[in-house]
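This report covers aromatic contacts and their surroundings.

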Amino acid sequence: MVHASGSDKGYLEIEQDLRKRFRKNLWCRFTKAIREYNLVQEGDRIAVCISGGKDSMLMAKLFQELKRHDKFDFDVRFLVMDPGYRTENRQLIEHNAERLNIPLTIFESDIFESVFHIESSPCYLCARMRRGHLYSKAKELGCNKIALGHHFDDVIETILMGMLYGAQVQTMMPKLHSTNFEGMELIRPMYLIREEHIKAWRDHNDLHFLQCACKFTQNSAFRGDLENTSKRREIKELIRQLRRINPFVENNIFKSVENVNLSTIIAYKQDGVRHHFLDAYQTAQADAGHLEVMQGEPARNDIGHDGGQTEKACCAQEGPVDEKLARLKSHLRELGSVAVAFSSGVDSTFLLKVAHEVLGENAAAVTARSCVFPDREAAEADAFCIKEGIAQYIYEADELAIEGFSDNPPDRCYLCKKELFGGIGRIAQEHGFSYVIEGSNMDDLGDYRPGLRAIAELGIKSPLREAGLYKQEIRELSRRYGLPTWDKPSYACLASRFVYGETITEEKLRMVERAEQLLMDKGFGQMRVRIHGTLARIEIPVGDFGKILQEEIRTEIADKFQEYGFSYVTFDLQGYQTGSMNKTLRRNNEPVFEDRASGRG
């Protein structure tokens, strides 16, 4: 049945939406796939294959837009094959094409009739025959390419289906040479477009497309092919469930077939030839031994991701800081586009600066704001992004609403980071960034950091650790870049000032923030105000003890702290220490996990 209404948008309005409202998620991803995979060249004549569904109809409009830009000379034909559609289905295709101003070339075949009585895998045979008819007609029209409307979700579902049901690692390629039609290619220019954005375009314009015009899906006798259809539905549901745990799961599945390391693969096929890791194993072992003898020293291990002593042992063998900077830039280029979790601290400021230098507009900042972050840090983050011309997005976090967070358990940082980076990830995904990156460095591996578990679970990247950079090296490089944070004291969220087990409230967080701001105003750079009930324990470097004991400063601090709500004010004779609250864990025999993360107090 043909759907129409008096409120139907005209094709000019729909085209305008593609240029504006849907530019980033549809048009930009369409052109990015064409550039990255070299899908369209000068002189091409492309048959844009339209099935009548949302994907192929959108593809046709995007090709019209590409043609309108006229960057280079190519031609398109909008090709519809009628394999035996019911009358109402064909009418719907023609109606939508007229509404969208797509000039169709329609040709007929009898494929549905030919395969209707096939009992074994009629859908597979139908698809093969349809592809063959499209190639043949396209060649007859003088085309050298056919374009199909498979999108990003089709690609990642195919990857998982191959692994889980086919016991193989393979993907749907962005382009292929035809084996049966010489000189013909198949291209998939929708390769990077998410299905949810296609649906948003369809619904916004009140468009109604064919869902499925196949005769066989209505016939329960074809269980084999229906089983395959249901498997794809299962995979869709699996990905939806995984996304609740890790918002980056779709991108990680996609990237997994771009980052295959053959040296860690047991076996693989190339051009029909099977290769096995044992084929070259003995030779490689002999060569490695010979290399060690020639060098007179053991071969150096790569820096691992598991923290601990591996990185510490390698530190002395790593190259100078310039080599690490080059390694960092190379890693950022490989990532392509990043959202930087930006707090305005030493590490995240340096990371954002380098990411923006390497990736330009493909790097942006995402700054979290909540009651556990001082207002001054947010103001500094905003000012830096404005000065550097870096796009910044704000995530309004609410840690106190996280179940269990206010109770301040030993894994509080894990609970916080899981929610925080989940929110940052959603913003990154919404704006089309491939990865979220954060600024923990090699020195962050030396204390209790349960937040690293959350970062690992969410697939967050840590480029500074990947490059092997230590805090002092980051400060030195920041100084070279002229960053105002090069000598900024280390900081952490206000929740780290609470002894584990003490309830965290917004009132007490504000007490700590005001107390620490007073100390900073008095010239104490590196300091902490730890809170124990209504007792404030001030930590400052031993070298500042004389200053804080000056009568005028001491009495003002004591008076102001009591105004803020503290009953008692002390300062710690052991001086300032990072992670001093973690002593209570060791004293109470709490486990100290090996997975650590930024956020140490």
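This is a predicted model: local features need pLDDT of at least 70, side-chain atom pairs count only at pLDDT 80 or more; totals for chains, interfaces and linings use all residues.

Phe433, at 8% relative accessibility, counts as buried.

Tyr393 and Phe433 form an aromatic pair, with 6.3 Å from centre to centre and 65 degrees between the planes, which is edge-to-face. Tyr393 belongs to strand 11 (residues 392–396), while Phe433 is in the loop between helix 16 (412–430) and strand 12 (435–437), so the pair ties together parts that are 40 residues apart in sequence.

## Phe342 and Phe384

In total, the structure holds 13 aromatic pairs. One of them joins Phe342 and Phe384: the ring centres are 5.7 Å apart and the planes are at 45 degrees, so this pair is tilted.

Phe342 counts as buried at 2% relative accessibility, and Phe384 counts as buried at 7%.

## Cluster and charges over rings

One aromatic cluster is formed by Tyr37, Phe152, Tyr191 and Phe254.

Lysine charges also sit over rings. The charged end of Lys67 is over the ring of Phe74, 5.1 Å from the ring centre. For Lys547, the charged end is over the ring of Phe524, at 4.9 Å from its centre.

Terms used:
Residues are numbered from 1 along each chain as its sequence is written. Side-chain values use heavy atoms; hydrogens and water are left out. Rings of Phe, Tyr and Trp (its six-membered ring) pair if their centres lie within 6.5 Å; planes under 30 degrees apart count as stacked, over 60 as edge-to-face and the rest as tilted. Buried means under 20% relative accessible area, exposed over 50%, partly exposed in between (1.4 Å probe, protein chains only). Helices (H or I, at least four residues) and strands (E, at least two) are DSSP runs, numbered from the N terminus. A charge sits over a ring if NZ of Lys or CZ of Arg is within 6 Å of the ring centre and within 35 degrees of the ring normal.
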